[in-house]
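Here are a few notes to go with the model. Have it open while you read.

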Amino acid sequence: MEIIVCIKQILDPDLPPAKFMVDKERNKVIPPEGIPFVINPYDALAVEAALKIKDEKGGKITVITIGDKSTEDIVRKALAMGADEGLIISDTIFEESDSFAVGYILAQGIKKIGRYDLILCGRQAADWDNGVVGSVVAEYLGIPIVTRAKDVKVVNGRVNVERVTTDGFETFELELPALITVSSELGQARLPSGWGIIKAASKEIPIWSGKEIETDISKVGKKASRNQLMRLIIPSYERRCEFITGEDLHEISAKLTSKLMERRIHE
Amino acid sequence: MDRFDAIVVGAGPAGCASALVMAKAGLKVLVFERGKYVGAKNMWGGAFFGPQINYLFPNFWEEAPVERLVTRHVISFLTGKGSVSVDFKSTDFGIPPYNGFILLRAKFDLWMAKQVEKAGAILATGLKVDDLLVEGEKVKGVKIGKEEFHSDVVILAEGANSLLTQKAGLRKEFSSEDIKQGVKEVIQLSRKTIEERFNLKGNEGVAMEFVGLCTRGLPGGGFLYTNKESLSLGVVAQLSDLIKNRVKTLDLLEEFKTHPEIGKLIEGGQTVEYSAHLIPVAGLGMIPRLYRDGLLVTGDAGALLLGTGLILEGANFAIASGMAAAETVKMAKEREDFSQRTLSHYQQILKESFVLQDLETFKKAPKFLKNARIYHLYPELIVEMAEKIFRNNGEPRKGTFRMVREVLKGRISIWQLFSDVMKARKAI
Ligand SMILES: Cc1cc2nc3c(=O)[nH]c(=O)nc-3n(C[C@H](O)[C@H](O)[C@H](O)COP(=O)(O)OP(=O)(O)OC[C@H]3O[C@@H](n4cnc5c(N)ncnc54)[C@H](O)[C@@H]3O)c2cc1C
């Protein structure tokens with residue numbers, strides 16, 4: 001069983017809101033100093049899903065990410081959890097790629113790896129929440145996909161998936177190779193063990209360039225981007241408290257009603 | 001790789017310093033840190049004094065996340081009616097290798113840990129060491145859950161809440177008399193506002209200490225440090241007095257923030273961080289046994305820090321003791337002997353350095369600093385005296401000494417005052 005898991009480095013979603021800052025002019029998030037990036041929690045669950053299959057059936061798990069050398073930390077984290085190999089795809093030509101380009105880059109990387117039975121991704125990244133990449137990768141590779149899995153099992157050379165819907169779940173059975181995106185309903189990702197961390201620490205993590213994965217430059221970077229970020233702002237919350245007084249309940253509720261009506265008209 | 005030369009517990013200044021020195025000497029070093037990442041749980045007031053970091057990382061200020069240099073010290077006596085301050089500015093402190101550095105621990109510890117990893121040590125975060133592995137008299141490694149890790153020596157750098165040091169039988173139960181509690185807020189302000197408000201330029205910074213009202217007169221004090229784009233504001237108080245008087249440090253800090261003197265300085269700022277921590281500052285008497293077969297204790301875990309009232313220094317003691325422990329392990333490795341006979345060398349290095357010498361010099365400070373008059377009566381006397389000296393109410397003036405007598409009258413005898421001054425002379 002050859003499993004590939006795509007992971008992404010994001011700002012820690014547990015970041016206290018006061019530490020979240022944006023550069024309004026450049027439309028960019030300013031990463032706070034002293035708080036390291038983490039694996040996208042959905043991707044950590046994809047790693048968990050892969051490990052569960054490996055625990056049961058054996059096999060090899062390769063994690064793959066796009067980014068500079070600093071992404072090594074999250075790759076090592078996945079290795080410490082129990083993945084076997086790590087891989088970083090890194091090139092300046094990838095900068096400011098959108099989700100479609102990212103899907104393309106990952107697909108190119110996976111093609112170069114060559115062998116795979118199952119590809120797992122998180123259902124979306126908890127920073128931009130686009131949820132596109134998995135589908136794009138499957139499209140480029142021409143393999144079936146099921147999104148938002150809460151359970152992934154390999155049985156007799158096929159994969160059984162339970163897919164979360166708004167009011168329950170659907171069950172799918174797919175031929176391998178296939179791509180599954182994993183949802184939070186899968187459960188909890190395991191924490192790395194001490195020996196896991198020690199083994200991961202000395203592991204070589206190859207870095208592949210755009211050239212090595214035979215990138216078509218017209219498909220990546222800012223120019224290839226299909227959508228454009230117009231404005232990045234931090235929403236402001238305002239709380240107001242007003243006491244409504246009156247002679248009796250009747251008057252108070254009448255006042256309250258007219259207040260509410262007023263606000264409906266204004267906002 | 002199934003065993004290590006050394007396992008370090010805790011990646012604060014003490015742990016990082018010892019791991020770095022050992023890794024650089026080619027030893028196989030494993031560091032455990034319980035925080036999700038290094039620095040996640042670490043706090044302090046704000047300034048590092050002395051050359052120790054520079055010993056570890058020459059010219060570190062060129063690349064490490066230093067907030068500002070301490071070029072100005074202010075000590076203030078606060079009362080409800082006003083304050084009297086000593087304001088010391090030094091041009092020399094702004095010249096390399098500098099005297100003091102204002103640092104935010106979360107950033108700085110993370111940076112330090114990166115250097116430790118680069119030097120070849122393995123850093124395992126998010127893992128809390130539960131216990132020591134002991135065979136007979138010898139410490140042989142550590143235990144986390146069901147996992148065991150073996151090494152020739154374990155260095156405890158676990159900080160103030162030194163449970164493993166206690167488990168190893170090296171220290172007794174702490175008493176609330178031996179412990180101070182500190183709370184701190186980081187308050188965000190623009191760089192420009194900070195520089196205008198505190199009269200600073202470029203990388204200049206100020207370290208402020210407050211005595212008096214900020215602890216409601218209980219033993220302890222307040223502090224304020226200027227970071228690049230925030231202020232660290234906090235209060236430290238004796239735990240036993242907090243318990244006795246049913247006061248929370250959190251409430252002290254809230255009150256401190258509303259004092260007119262402080263209010264002005266933090267106005268318009270937004271609190272972005274809040275933290276609390278213990279400080280084991282009872283001086284020499286509190287220091288546990290610092291070594292046994294296969295084990296060394298460093299930094300706050302060894303209560304190796306100095307509080308004289310005017311200064312609270314721990315991080316430099318932590319680094320110096322971490323380095324001393326590392327040197328000792330290097331020697332033990334050469335001799336292939338990790339018994340307490342060789343490891344006692346650690347105590348020797350500390351005795352010859354400022355670490356134990358300063359603690360010896362100021363050994364009377366902890367007891368002296370429990371004198372409540374320092375925090376209650378004296379700030380009031382000083383402020384009243386100043387008020388009397390500067391007040392002009394149109395009446396003929398009195399001589400300064402007569403004024404002093406008036407202020408003291410009925411509140412403290414000359415003999416009591418004299419005795420306190422004499423004690424201060426011996427203690428600090
Ligand atoms: C409010 C306050 C203000 C201060 N101001 C100053 C100042 O201005 N200047 C100064 O020099 N000093 C100051 N100090 C003191 C200084 O912070 C400490 O002396 C210093 O941090 C000690 O370093 P350490 O490495 O021994 O311990 P710590 O910095 O406490 O580090 C211990 C580390 O060990 C980890 N750990 C603990 N137990 C385990 C375990 N079982 N397994 C794994 N990891 C573990 C902890 O998570 C932590 O990271 C202040 C302290 C406080 C509380």
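**Notes on the predicted model**

1. Val154(A) counts as buried because its relative accessibility is 8% (buried means under 20% relative accessible area, exposed over 50%, partly exposed in between, with a 1.4 Å probe and protein chains only). You'll find Val154(A) in strand β9 of chain A, residues 145–155.

2. Residues are numbered from 1 along each chain as its sequence is written, chains are lettered from A and ligands numbered from 1 in the order written, and side-chain values use heavy atoms, leaving out hydrogens and water.

3. Chain A has six helices and 13 strands (DSSP runs numbered from the N terminus: helices are H or I, at least four residues; strands are E, at least two). Of its 267 residues, 41% count as buried. The C-alpha trace of chain A spans about 75 × 45 × 40 Å along its principal axes.

4. Over in chain B, Phe418(B) sits in helix α16, residues 414–427. Phe418(B) counts as partly exposed because its relative accessibility is 46%. Together with Trp415(B) and Met422(B), Phe418(B) makes a nonpolar surface patch of about 370 Å² (patch residues have over 30% relative accessible area and no salt bridge; like charges are joined within 9 Å, nonpolar side chains, meaning Val, Leu, Ile, Met, Phe, Trp and Tyr, within 5 Å; a salt bridge is a side-chain nitrogen of Lys or Arg within 4 Å of a carboxyl oxygen of Asp or Glu; areas are Shrake-Rupley with a 1.4 Å probe, and for residues only the protein chains shown count as cover).

How values were computed
Predicted model: local features only at pLDDT ≥ 70, side-chain atom pairs only at ≥ 80, totals over all residues.
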